[in-house]
Each structure stands twice: as structure tokens, then as C-alpha cells.
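Open the model in your viewer with the sequence panel beside it. The stops below say what to select and what is there.

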Amino acid sequence: MYYVPEGTIKCGYYQCSCCGEKFLSLQTMTTIDCIYCEADVDLEIGPDEDMSTMKDTAHLIQVLEGEEVEKMDTLLSLAITGGNYEWI
């Protein structure tokens, strides 16, 4: 699977309020760090720079369980891969 490991039976479906991306996570808390915005944070700072901080910007839309996990993972991954089934 694309977002979560094969055999996952429960996961969270999130949407980021900053970048708008939707993704799955093994976490099921109400807010978490966005996996896309997290990649943009520069943790290397110079002497005159402030340290970037991570913010919980991804909000839980729904907790998915059972077959819903695999179905949603497939749907979201097709949106990213552009319908390329070769990775499956």
C-alpha cells in the first residue's frame, strides 16, 4: 500500500489546513504534523536565524477501519500516481 503498511486495520484520514493535502496516517489523534509541510521545514539554522517549529496542521477527518483502509489508500495513491497501476 502507498501510505500505510500492508495489513493495517485502523488508521486516520487527515487533511492539512496549510497545504490542503489529504493523507493516511497510522496515528488517530485529532491533529498531527503534516507529512508534506514537515518536509519543507529547515532544521539547520545559522547564528542569526530562528528555529523553525513544527505545527499540528493536519486535522483528522475520519478514523478508517477494516476494508476502508485499503480502499482509501488505493484511492489517494491513484490521485498522486496519476492512475499508474504499475506500483501495485
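Colour the chain by secondary structure and read along the sequence: the pattern is β-β-β-β-α. The chain has one helix and four strands; these are DSSP runs, helices being H or I of at least four residues and strands E of at least two, numbered from the N terminus. This is a predicted model, in which local features need pLDDT of at least 70 and side-chain atom pairs count only at pLDDT 80 or more, while totals for chains, interfaces and linings use all residues. Residues are numbered from 1 along each chain as its sequence is written, and side-chain values use heavy atoms, with hydrogens and water left out.

**The whole chain**

Switch to a surface view. The chain exposes about 6100 Å², and carbon and sulfur atoms supply 50% of that area; accessible areas come from the Shrake-Rupley method with a 1.4 Å probe, and for residues only the protein chains shown count as cover. Of the 88 residues of the chain, 25% count as buried. Buried means under 20% relative accessible area, exposed means over 50%, and partly exposed is in between (1.4 Å probe, protein chains only). Contacts, here heavy atoms within 4.5 Å, can be sorted by sequence separation: among those between residues at least 6 apart, 54% join residues at least 24 apart.

**The sheet**

Select the four strands. In what order do they lie in the sheet? The order is β2-β1-β4-β3, in an open sheet with antiparallel pairing; two strands pair if DSSP finds at least two bridges between them. The edges are β2 (22–25) and β3 (31–32), each with a single partner strand, so one side of each has no neighbour in the sheet.

Move to β1 and β2, an antiparallel pair with four bridges. Gly 12 has Ser 25 in β2 as its bridge partner. The hairpin of β1 and β2 has five residues between the strands, and Gly 20 in this hairpin takes a positive phi near 85 degrees.

**Ser 25**

Stay on β2 and select Ser 25, which lies in this strand. Ser 25 is buried, with a relative accessible area of 11%. A polar atom of the Ser 25 side chain lies 3.2 Å from the backbone nitrogen of Gln 27. Such a polar contact is a pair of N or O atoms within 3.5 Å; within protein, one must be able to donate a hydrogen and the other to accept it, and residues adjacent in sequence count only if both atoms are side-chain atoms. Beyond neighbours within four places in sequence, the contacts of Ser 25 are Val 4, Cys 11, Gly 12, Tyr 14 and Ile 32.

**The nonpolar core**

In soluble globular proteins, nonpolar side chains tend to be buried together. Show side chains and select Phe 23, Leu 24 and Leu 64, which touch the most other members of the 15-residue largest nonpolar core. A nonpolar core is a set of buried Ala, Val, Leu, Ile, Met, Phe, Trp, Tyr and Cys residues joined through side-chain atoms within 4.5 Å. At least two residues of this core come from each of β1 (10–16), β2, β4 and α1 (67–81), and β1 gives the largest share, four residues. Centre on Leu 24: not counting residues up to four places away in sequence, its contacts include Tyr 3, Leu 64, Val 69, Met 72 and Leu 76.

**Ser 77**

Go to helix α1 and select Ser 77. Its relative accessible area is 0%, so Ser 77 is buried. The Ser 77 side chain reaches the backbone oxygen of Asp 73 at 3.0 Å, and a polar atom of this side chain lies 2.9 Å from the backbone oxygen of Thr 74.

**The cysteines**

Finally, show the cysteine sulfur atoms. How many disulfides are there? With a disulfide taken as a pair of cysteine sulfur atoms within 2.5 Å, the count is zero. The closest cysteine sulfur to that of Cys 16 is in Cys 34, at 3.7 Å, too far for a bond. Cys 18 is in no disulfide either, the nearest cysteine sulfur being that of Cys 16, 4.7 Å away. Cys 16 is buried at 3% relative accessibility, whereas Cys 18 is exposed at 58%.

Last, select Cys 37, in the loop between β3 and β4. Cys 37 is partly exposed, at 21% relative accessibility. Cys 37 and Cys 16 are 21 residues apart in sequence and 8.5 Å apart in space, C-alpha to C-alpha. Leaving aside neighbours within four places in sequence, Cys 37 is in contact with Cys 16, Cys 18 and Cys 19.
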